[in-house]
Amino acid sequence: MTAAPRHCTIVPPFVLDRLAEQGHEAARRSLALDTLHRESRLATVLPGAAPAHELSRTIGDARHSRRLPGRTVRTEGGPVSADTTVNRAYDGLGATFALFEEVYGRHSIDGAWLPLDATVHYGRDYDNAFWDGSRMVFGDGDGVIFVDFTSCVDVIGHELAHGVTQYTAGLDYQGQSGALNESLSDVFGSLVKQYALGQHAEQADWLIGAGLLAPGVHGVALRSMKDPGTAYDDERLGKDPQPAHMDDYVDTVQDNGGVHINSGIPNHAFYLVATALRGPAWECAGQIWYDTVTAGGLAHGADFATFARATVTAARRRFDATAADTVTAAWSEVGISTA
């Protein structure tokens, strides 16, 4: 049984809140849409044809409306579209499928050949992208703060990875379990990009959403796994609030208890593991995290320490004591004991 699908967005609500307070109309409209989606439980998984047991993608075009799934504009194996946004969405779905299928032997997001569907050109100047429990939805951005949300393959991987968590650990989207949910999406989103580019851990930028900020915005991405809290520092966006250590953990009622903020702590732990083990991050560090989330032993409300202990166990089981010690040391460096 899967967890109830959540409306998970790539841009945190506190970022859009700040922009809206400054009179940014696109942010205000985007916030209103996100609230509507959460309240209406937009996601509805309808019964469909039997799975094809292969990659199956369908891209719809909302044509700046809010109607889903939109007009079908590209299907699996179909011709390249004249619309770059359509092609980027199609390719991003394929890159995410490739990581999970080729590296971890997972047959699509649900492990049972779930078709990968997406809708582009959603709304007008919509400043977000989200997974609604059954499909990806992309806004075009407003061109002032954010550009087209299909621009970053790690953003696509991040949102689809929420589906993997939905179908496996089902982590509650609140507090530390919610921050773990967000962190897992950042981890696998980054691995999707690294795998597509053939990068080793030491070559990767470890940024989530690099290239998503419009020209003139002072920042490099939405988040940094290498150095949480440094992704942006802009008069309009504010300063990246992510901590890298439990000493700086943020207690807040906003953002479901800071799920997009405190995810910086487990994000940094993964970065430390991946760079210590070196080589392709998906092979060892990624395998440990994948084993942890799919093993079936995590409670829906697991906190950081519970998850950390589970990764140590997974490292020892899959690899050896040296890998487990590396994982233990990384969690210790961000202030979490696995004892």
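This is a predicted model: local features need pLDDT of at least 70, side-chain atom pairs count only at pLDDT 80 or more; totals for chains, interfaces and linings use all residues.
Which residues is Phe-146 in contact with, leaving aside its neighbours within four places in sequence?

View 1. Residues are numbered from 1 along each chain as its sequence is written, and side-chain values use heavy atoms, with hydrogens and water left out. Beyond those close neighbours, Phe-146 is in contact (heavy atoms within 4.5 Å) with Val-11, Val-15, Leu-16, Leu-19, Asp-127, Gly-141, Leu-212, Leu-213, Ala-214, Leu-222 and Leu-237.

**View 2. The largest nonpolar core.** A nonpolar core is a set of buried Ala, Val, Leu, Ile, Met, Phe, Trp, Tyr and Cys residues joined through side-chain atoms within 4.5 Å; buried means under 20% relative accessible area, with a 1.4 Å probe and protein chains only. The largest one here has 91 residues, and Phe-146, Phe-188 and Trp-289 have the most contacts inside it. Helix H3 (residues 84-104) gives this core its largest share, nine residues. Helices are DSSP runs of H or I, at least four residues, numbered from the N terminus.

View 3. Not counting residues up to four places away in sequence, Thr-326 touches Val-273, Ala-276 and Leu-277, while Ala-330 is in contact with Ala-269, Leu-272 and Val-273.

Note on methods. Buried means under 20% relative accessible area, exposed over 50%, partly exposed in between (1.4 Å probe, protein chains only). Helices (H or I, at least four residues) and strands (E, at least two) are DSSP runs, numbered from the N terminus.
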